[in-house]
Amino acid sequence: MSVCSPVAPVAAASARHLWTLAEVLALYEMPLMDLLWRAQQVHRQHFDANAIQRSTLLSVKTGGCSEDCGYCSQSARHDTDLERERLLPLDEVVAAAQAAKAKGASRFCMGAAWKGPKADDLERVLDMVREVKALGIETCVTLGMLKAGQAAKLKDAGLDYYNHNLDTDREFYGQVIKSHTQDDRLETLDQVREAGINVCSGGIIGMGESRKNRAALIVQLANLPQPPESVPINNLVPIPGTPLADAPRLDPFEFVRTIAAARIAMPTSWVRLSAGRQEMSDELQALCFLAGANSMFYGDHLLTTGNPEADRDDALFARLGVKAI
Ligand code: SAM
Ligand code: DTB
Ligand code: SF4
């Protein structure tokens with residue numbers, strides 16, 4: 001195949017291309033070198049290909065979640081080793097954000113294991129957003145499903161991004177999560193958009209879904225009324241005690257293909273190489289960056305699982321000649 005022949009029609013600069021499943025599946029089926037080349041071309045049209053954005057995560061409320069997401073260590077319905085914690089005090093959160101900023105993260109993301117925030121919990125999170133924002137670092141929260149009016153309050157407090165993943169293809173969703181539907185998640189994304197907060201939404205790969213399911217997730221994200229500004233692609237971190245503890249491991253090249261498909265289908269979005277980096281070699285991560293990932297979580301913890309040590313990431317950036325933004 002010629003490197004120039006597009007799999008999808010090239011949209012006029014002003015018109016937005018809506019992706020079909022066949023087109024995204026065709027991306028997945030390209031020879032890897034052609035796919036990477038195409039992803040690089042798209043990436044370089046919109047971004048500095050040698051710059052990677054870094055967000056630091058903090059779990060502000062850990063465990064005891066009512067939902068049954070099959071991958072999650074924090075569901076009260078799974079028998080995992082996790083210790084439940086109450087909502088962290090404000091000063092601890094602010095101190096962690098200060099440390100993240102000092103290490104060079106440009107965004108601080110606070111996660112809570114809730115189906116959604118109760119009114120009084122939200123008030124405490126609003127204080128966190130205000131104080132973290134005042135430090136001069138971007139703010140992100142992931143609190144589950146929002147009720148009417150909650151997104152507007154978050155916006156008023158200074159929230160920059162709300163993370164809420166579609167997680168997996170609508171057709172596969174019910175096999176992983178039964179306590180809520182993907183439509184519930186879409187409703188929250190609408191509210192976040194409506195409030196003028198940047199949308200961060202992506203998914204998890206390696207849960208036993210098919211390639212068609214992976215492609216369908218990318219189509220769904222890309223064809224949202226407006227594509228998410230930020231698209232986290234998580235590789236399943238298998239958690240003992242969860243239904244997905246023994247999910248068959250995915251070929252790492254399939255993960256790289258998913259990053260490339262996300263990059264091509266969402267050219268102006270930040271694509272985040274998210275959970276699963278700790279198990280990846282430096283070479284595999286470099287391949288993900290080549291496929292168009294330009295964001296990552298920085299700091300030795302995700303929410304309840306590990307992430308590469310900051311020193312290892314700093315060394316990787318130096319070896320690759322990548323600059324942090
Ligand atoms: N409760 C909120 C929610 O579900 O939106 C926020 C926290 S939840 C842990 C945030 C995201 O983490 C999930 O949507 C999922 O994509 C990701 N995640 C959770 N457990 C994971 C795992 N074991 N491996 C990979 N990603 C995971
Ligand atoms: C996202 O897509 N990945 C992050 C963040 N958004 C909140 C969370 C990953 C969690 C990995 C499993 C854990 O640490 O519990
Ligand atoms: Fe709860 Fe979120 Fe985990 Fe689902 S992914 S169980 S909603 S914390």
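Colleague: If a residue counts as near a molecule or strand when one of its heavy atoms lies within 4 Å of it, which residues come nearest to ligand 1?

Modeller: Of the 18 residues around ligand 1, the nearest are Tyr71, Asn165, Asp167, Arg185 and Val237. This is a predicted model, in which local features need pLDDT of at least 70 and side-chain atom pairs count only at pLDDT 80 or more, while totals for chains, interfaces and linings use all residues. Residues are numbered from 1 along each chain as its sequence is written, chains are lettered from A and ligands numbered from 1 in the order in which they are written, and side-chain values use heavy atoms, with hydrogens and water left out.

Colleague: Which backbone atoms lie by a nitrogen atom of ligand 1?

Modeller: Taking a polar contact as a pair of N or O atoms within 3.5 Å, a nitrogen atom of ligand 1 lies 2.9 Å from a backbone N or O atom of Val237, and a nitrogen atom of ligand 1 lies 3.4 Å from a backbone N or O atom of Ala112. On the side-chain part, an N or O atom of Arg185 is 2.9 Å from an oxygen atom of ligand 1. Ligand 1 has 550 Å² of accessible area on its own (Shrake-Rupley method, 1.4 Å probe), and the protein covers 89% of that.

Colleague: And how does its shell divide by class?

Modeller: The shell around ligand 1 has nine nonpolar, seven polar and two charged residues, where Ala, Val, Leu, Ile, Met, Phe, Trp, Tyr, Cys and Pro count as nonpolar, Asp, Glu, Lys and Arg as charged, and the others, Gly among them, as polar.

Colleague: On to ligand 2: what is 2.6 Å from one of its oxygen atoms?

Modeller: That is an N or O atom in the side chain of Thr304. A polar backbone atom of Leu303 is 3.0 Å from an oxygen atom of ligand 2, and a side-chain N or O atom of Asn163 is 3.3 Å from a nitrogen atom of ligand 2. The protein buries 88% of the 410 Å² that ligand 2 exposes when taken alone, and its shell holds six nonpolar, seven polar and no charged residues.

Colleague: Where does ligand 3 sit?

Modeller: Ligand 3 sits in the largest cavity, meaning that more than half of its atoms lie within 2 Å of the grid points; a cavity is a set of points, on a 1 Å grid over the protein atoms alone, where a 1.4 Å probe fits but cannot get out. Residues around ligand 3 include Cys65, Glu67, Cys69 and Trp114.

Methods
Polar contact = N/O pair within 3.5 Å; in protein donor to acceptor, adjacent residues only side chain to side chain. Near = heavy atom within 4 Å. 1 Å grid on protein atoms, 1.4 Å probe; cavity = no way out; pocket = protein on both sides within 12 Å on 5 of 7 lines; lining within 4 Å.
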